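Subject: Structure handover

Hi,

Here is the structure I promised to pass on. My notes follow just below it.

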Amino acid sequence: MGNALRFLYGHCCKPTAADDSGSLGPHGVSSATVGVSALAHDLFNFDITSQVPDGLSKHVVSSKKAQANWYRKLADAWKESKNPPRTPEEAARLVIQTLKRHQKADVEGLLAFYGLPLPHTLVEVVVQPPTVLPDGVKFEMHTLPVDAKAVADGDTITVYVSTTEPRESSVVPGNVHAAAVQRADARARRDYTKADALHKQIIDSGYRVIAVQNEEILAKKYRIRLRGIDAPENAMPYGKEAKIGLTKIVQDKSLRVLVYGEDRYGRCVGDIYCNGIFVQELMLKKGLAWHYKAYDKRPELEKWEKEARAKRVGLWVSKNPEKPWEWRKDKREAK
């Protein structure tokens, strides 16, 4: 019974590089995710010993029997999750959703014990990805898991799509396919110099061989501009936070992208869904981006921006944040 949770715990608690503050939690992970790792550890331990963690009673007002019932349900929910929590927000939502039917459950005390976000601080998003492609969509793509380095800023991501996808398989250039076959042969012979040279040819053609779960996949590269939002540039105030925020949403996730067209920089302009969540909605509600009204008139985007303004979250902590399109215009005119 504990095998599934052991896998999830090991996956969640694998040591990672420190966050910007450089601090590491007791499980060897960054301070931003130590609460998630601690919860995974305690659920794994409960699955084996049926014991809740020491010190929990100092944070919650419930009997040991009630606490054990919570951890039993949380352990089951964690094991059944298709995408186990990786961020504090995801872990907090799992706790809230699992225990919401237990009126006497001290959810806030439990979240506080692990340093996870409290219910009133979480941004609610609508998990309703379209089942029928909206008007104007040129094509749909499903990406391979996104690397953190692929996030350029708060509104641009580089993604890769497997060439086994029907739309991609028929348009792979012959020289790229041949180079991929030759590279695999060179690696089998341990001729890594030739393999690297062949991979450079593949990359120069807009493709890349990516390792996914011990399998090498030939994939097409796309740059995606998130439709309808404009995040602060990296050099602007709150630009770094916007980039980090988008990275936390998409990192290591496969994305569904609905492409509406292409901008003057050759980027696909599209709506992005991650685990069923509309990424632009989350970026706006967290105050990580502006609604780009000049190019997108959707009223829901304007509504989500207004909600963030009213709550003074993200970039809206400033009374008059500089608009990114005006910042770019000033930079161009200054040249």
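**The hairpin**

Strand 4 (residues 207-212) and strand 5 (residues 215-226) run antiparallel and are joined by 6 bridges; strands are DSSP runs of E with at least two residues, helices are runs of H or I with at least four, and both are numbered from the N terminus. Two strands pair if DSSP finds at least two bridges between them. Ala211 has Glu216 in strand 5 as its bridge partner. The hairpin has 2 residues between the strands, and Gln213 takes a positive phi near 50° there.

**How to read this**

Please note that this is a predicted model: local features need pLDDT of at least 70 and side-chain atom pairs pLDDT 80 or more, while totals for chains, interfaces and linings use all residues. Residues are numbered from 1 along each chain as its sequence is written, and side-chain values use heavy atoms, leaving out hydrogens and water.

**Thr247**

Thr247 sits in helix 9 (residues 239-250). Thr247 is buried, with a relative accessible area of 13% (buried means under 20%, exposed over 50%, partly exposed in between, using a 1.4 Å probe and protein chains only). A polar atom of the Thr247 side chain lies 2.8 Å from the backbone oxygen of Lys243. Leaving aside residues up to four places away in sequence, Thr247 touches Ala148 and Val151, where contact means heavy atoms within 4.5 Å.

Best wishes

Key
Polar contact = N/O pair within 3.5 Å; in protein donor to acceptor, adjacent residues only side chain to side chain.
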